[in-house]
Amino acid sequence: MEFVAAHDLDEALAAKAQRPEAVFLAGGTDLMVEVNLAHHRPASVVSLRRVADLRDASPNRIGAGVTWARLERGPHRGLAQAARTVGSPQIRAAGTIGGNIGTASPAGDGLPWIAAADASIEARSAARGTRVIPWNEFFIGVKRTSLLSDEIVTAVIVPDGLPEHQEFAKVGVRNAMVISTVSCLVIRGDDGFRVALGSVAPTPIRASRAEEMINAESSITAAALDEFARIVSQEVKPISDHRSTEAYRRHAAGVLARRLVERSSR
Ligand SMILES: Cc1cc2nc3c(=O)[nH]c(=O)nc-3n(C[C@H](O)[C@H](O)[C@H](O)COP(=O)(O)OP(=O)(O)OC[C@H]3O[C@@H](n4cnc5c(N)ncnc54)[C@H](O)[C@@H]3O)c2cc1C
């Protein structure tokens with residue numbers, strides 16, 4: 001296995017342009033699991049750990065190399081809540097938002113926030129420079145993205161004026177060190193509620209029909225919340241796998257979304 005330690009973004013992009021089959025290594029908390037289990041034997045690895053440009057963060061632009069440990073203390077409440085649930089302190093010290101995006105697992109805990117925030121993914125290549133891809137065009141399937149073979153994810157672009165009322169929660173088999181069975185992120189703004197879910201479809205999704213329903217209500221009554229939860233449960237597209245059944249995921253998605261709408265209404 002060839003190993004290239006890039007010192008800056010240009011070096012990383014040049015290395016990738018020369019080796020389209022190379023994989024990037026950020027924190028390694030997903031990639032090294034694959035390598036150690038012999039699921040993946042990349043011929044070349046380009047390490048991003050020394051690329052300082054990727055670690056820049058501001059409220060509107062979160063560098064791909066920003067770790068969960070930093071996001072825990074960041075300005076976006078929902079993303080900070082999600083960050084606190086990722087793995088263990090060791091995983092959060094190494095794992096990055098860019099790695100979560102690169103893996104594009106339906107269970108990635110950063111992805112519902114990206115969907116609810118209507119954020120975009122900034123990508124760069126040596127040949128074509130920078131492009132910005134809306135989240136719902138970036139995530140295209142289970143562990144599949146629209147990133148091209150010569151591109152790197154450089155940042156998450158966050159729209160201006162993101163409301164502060166943000167709530168994240170996830171359901172799993174334990175309280176800590178657990179991959180989401182279902183996750184949910186609710187943002188409440190002047191335009192109403194935005195509801196995003198993870199682990200219930202091939203990609204993170206927005207519960208658009210449920211959003212429309214609850215945002216048309218003049219007050220959030222118990223009956224409205226019941227109906228809202230029912231629509232969320234209908235709208236998700238989960239599968240049964242080793243973590244859960246389809247039926248449980250549908251149920252949990254409704255319960256979780258309802259709970260977060262109630263919590264963010266207080
Ligand atoms: C014990 C354990 C617990 C975990 N718990 C959770 C959890 O609770 N929630 C959760 O969401 N995840 C969890 N994970 C998964 C993992 O920690 C996260 O997905 C993390 O964000 C991955 O980031 P990383 O920097 O380590 O990525 P890496 O492993 O370095 O990379 C992951 C993938 O992304 C690609 N990549 C990395 N950076 C870029 C970039 N800038 N541009 C393009 N591609 C890139 C890599 O090539 C690779 O394909 C856990 C993992 C472990 C081992």
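The paragraphs below lead through a predicted model of a protein chain with a ligand, from its domains to a few single residues.

Residues are numbered from 1 along each chain as its sequence is written, and side-chain values use heavy atoms, with hydrogens and water left out. Because the model is predicted, local features need a pLDDT of at least 70 and side-chain atom pairs count only at pLDDT 80 or more, while totals for chains, interfaces and linings use all residues.

The protein chain is divided into domain 1 (1–50) and domain 2 (166–265), with bounds that come from an automatic or database domain assignment. The C-alpha centres of domain 1 and domain 2 lie 35 Å apart.

Around the ligand there are 33 residues, and the closest are F24, T29, D30, L31 and T96; a residue is near a molecule if one of its heavy atoms lies within 4 Å of it. An oxygen atom of the ligand is 2.5 Å from a polar backbone atom of F24, an oxygen atom of the ligand is 2.6 Å from an N or O atom in the side chain of T29, and an oxygen atom of the ligand is 2.9 Å from an N or O atom in the side chain of N100. Taken alone the ligand exposes 980 Å², of which the protein buries 87%, the areas coming from the Shrake-Rupley method with a 1.4 Å probe, where for residues only the protein chains shown count as cover.

The elements giving two or more residues to this shell are β2 (23–25), α2 (31–36), α6 (97–103) and β10 (151–157), and α6 gives the most, with five residues. Helices (H or I, at least four residues) and strands (E, at least two) are DSSP runs, numbered from the N terminus. By class, the shell has 17 nonpolar, 13 polar and three charged residues, where Ala, Val, Leu, Ile, Met, Phe, Trp, Tyr, Cys and Pro count as nonpolar, Asp, Glu, Lys and Arg as charged, and the others, Gly among them, as polar. The shell also draws at least three residues from each of domain 1 and domain 2.

We turn next to the interior. Buried means under 20% relative accessible area, exposed over 50%, and partly exposed in between (1.4 Å probe, protein chains only). Helix α4 (residues 77–84) is mostly covered, since six of its eight residues are buried, namely G78, L79, A80, Q81, A82 and A83.

Some single residues remain. E122 lies in strand β6 (residues 120–125) and is buried, with a relative accessible area of 9%. A polar contact of 2.6 Å joins the side chains of E122 and R61; such a contact is a pair of N or O atoms within 3.5 Å, and within protein one must be able to donate a hydrogen and the other to accept it, while residues adjacent in sequence count only if both atoms are side-chain atoms.

Most residues other than glycine have a negative phi. A104, however, has a positive phi of about 55° although it is not a glycine; A104 lies in the loop between α6 and α7 and counts as buried at 3% relative accessibility.
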